[in-house]
Amino acid sequence: MTTENFHPTSSCADDAWEDKIHEEILEHEEKVFMEETPMIAVDDHHNPEDEDVELPEISEVDHKDYELPASISNPSYAEVVKIKKVLLLFNPHSGAEEGVKLTEEAVQLLEKRSIQVDKRELKEPGHAEEIVKTANLDDVDVVATLGGDGTFHEAVNGMMKRPEGAKRVPLAFVAGGTGNSFALELHGGVEISDAIDHLVRGLSVPIDIGKTTWPLESGEDELVYSFNSIHWGLASKVNVTAEKLRWMGKAIRYTTASMLEMVKGAQTRAKVSLTLADDKKISYDEDFCLIIVNNIISAGKGMKMAPNAKINDGLFDAIIIRSNAALDLATVFKGMYDGTHVDTEQVEYKQVKGLSIIPFKKDEPAKVAKETDPDEAEEVVDIDGELKGSTPFTCTVLPRALRVII
């Protein structure tokens with residue numbers, strides 16, 4: 001894998017570095033285009049059929065107008081990767097059973113650009129993690145997932161859990177699920193053609209990863225990595241309830257679940273400990289309604305959950321809400337669409353290097369919840385949209401631990 005690094009040599013503004021990146025990307029794609037475009041020789045052996053050869057297309061994206069995502073804090077960490085081979089993992093059941101069709105489209109677009117594709121169908125939960133963890137990546141330039149946030153979450157965990165010394169490559173998100181918040185954050189859309197444009201461009205940045213652990217009954221700790229978000233309290237209850245309302249469709253079921261849980265307005269007494277950006281540690285011992293920890297700005301489709309978040313600043317953004325009053329929660333919920341909720345008196349907004357949550361009412365070791373009733377959902381921790389964690393838990397931010405294609 002060939003990369004070109006960008007490192008600041010002065011206090012130039014970020015837009016100067018973006019211009020530098022744009023120039024490198026354009027030069028890179030033009031070079032690839034020249035290397036891969038078949039030339040028709042004009043000689044005595046010229047075959048008229050050669051004139052019908054379809055030339056590889058250069059992306060229609062205007063690189064000079066390309067803007068880095070708002071959640072990138074330092075573009076100097078960027079690298080341009082020359083993409084020759086992609087390991088593509090696809091969930092055939094993602095996006096209302098459109099996974100196979102979308103995968104065929106993605107493969108055609110990649111092969112049209114003379115990129116080799118190793119296509120793997122995912123058979124069961126955890127399959128993507130296992131493939132990425134154990135695959136031989138010696139001749140692979142990028143691992144791409146076609147599915148939703150859950151599929152990408154598995155790939156992140158697989159890459160982070162690869163054996164010491166094993167080759168790591170950037171991950172690429174090709175949106176194909178019902179939840180594609182990370183793709184929306186990085187690409188501004190979920191079209192397959194746009195995702196392939198970004199993949200072929202090869203621009204990667206390192207992102208922060210959350211290392212989350214919680215105790216099991218065996219006495220050992222469970223370990224899960226997160227790239228997107230962690231929800232606890234009412235926030236995780238909403239996701240539990242929404243899972244039971246899948247028949248309603250994504251947008252309406254989450255709105256309905258939110259309203260149902262806001263009406264209930266449950267609180268949980270807990271000890272919450274935070275490590276702030278300056279390494280100062282603070283602890284709270286009181287009642288909480290919900291805590292959301294985000295690595296990215298957005299949540300769902302259109303919400304600005306953590307308006308100040310950057311995916312490579314070494315920090316996660318914590319949204320802490322104590323009040324369980326329906327009117328307070330409605331005010332916060334409304335403000336999430338433009339990010340103004342963080343300015344309300346109902347929200348405490350902190351940027352943290354780590355945090356832990358220990359509910360007082362649970363003395364025994366927490367059990368991982370797979371199927372649970374919403375009334376017991378305070379024990380569930382939602383990690384990247386997956387109901388797979390449990391309290392008490394600890395999360396530590398690993399700065400710029402994994403590369404992704406943007």
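Contact here means that heavy atoms lie within 4.5 Å, and in that sense Phe-182, leaving aside its neighbours within four places in sequence, is in contact with Asp-149, Phe-152, Phe-173, Ile-207, Phe-227, Asn-228, Ile-296 and Val-404. This is a predicted model, in which local features need pLDDT of at least 70 and side-chain atom pairs count only at pLDDT 80 or more, while totals for chains, interfaces and linings use all residues. Residues are numbered from 1 along each chain as its sequence is written, and side-chain values use heavy atoms, with hydrogens and water left out.

**Confidence**

- The protein chain averages a pLDDT of 80, with 72% of the residues scoring at least 70; pLDDT is the predictor's confidence in each residue, on a scale from 0 to 100.
- Over residues 32-65 pLDDT stays under 50, and for this stretch the model has 35 contacts beyond four places in sequence.
- Where pLDDT is low, the predicted coordinates should not be read in detail.

**Nonpolar cores**

- A nonpolar core is a set of buried Ala, Val, Leu, Ile, Met, Phe, Trp, Tyr and Cys residues joined through side-chain atoms within 4.5 Å, where buried means under 20% relative accessible area, exposed means over 50%, and partly exposed is in between (1.4 Å probe, protein chains only).
- The largest nonpolar core has 37 residues, of which Val-143, Val-156 and Phe-182 touch the most other members.
- At least two residues of this core come from each of S3, helix H4 (127-134), H5, strand S6 (171-175), helix H6 (181-187), strand S7 (203-215) and S17; helices (H or I, at least four residues) and strands (E, at least two) are DSSP runs, numbered from the N terminus.
- H5 gives the most to this core, with 5 residues.
- Another core, of 24 residues, lies apart from it and includes Val-272, Leu-274, Ile-357 and Ile-383.

**Helix H5**

- Helix H5 covers residues 149-160, and its 12 residues reach 16 Å from the first C-alpha to the last, close to the 16 Å expected at 1.5 Å a residue; the expected span is 1.5 Å times one less than the number of residues in the helix.
- H5 is mostly covered, since 11 of its 12 residues are buried, among them Asp-149, Phe-152, His-153, Glu-154 and Val-156.

- Leu-88, in strand S3 (residues 85-90), counts as buried because its relative accessibility is 2%.
- Beyond its neighbours within four places in sequence, Leu-88 is in contact with Thr-103, Val-107, Val-117, Asp-118, Lys-119, Arg-120, Ala-144 and Leu-146.
- The C-alpha atoms of Leu-88 and Ala-172 are 9.1 Å apart, although 84 residues separate the two along the chain.
- Ile-406, in the segment after strand S17 (393-405), is buried, with a relative accessible area of 0%, and its C-alpha atom is separated by 7.9 Å from that of Pro-69, 337 residues away along the chain.

**Backbone features**

- Most residues other than glycine have a negative phi, and most peptide bonds are trans.
- Ser-114, which is not a glycine, has a positive phi of about 60°; Ser-114 sits in the loop between helix H3 (99-112) and strand S4 (116-121) and is partly exposed at 43% relative accessibility.
- Asp-279, likewise not a glycine, has a positive phi of about 75°; Asp-279 lies in the loop between strand S10 (268-276) and strand S11 (281-288) and is partly exposed at 48% relative accessibility.
- Thr-391 and Pro-392 are joined by a cis peptide bond with omega of about -5°, and Pro-392 belongs to the loop between strand S16 (386-390) and S17.
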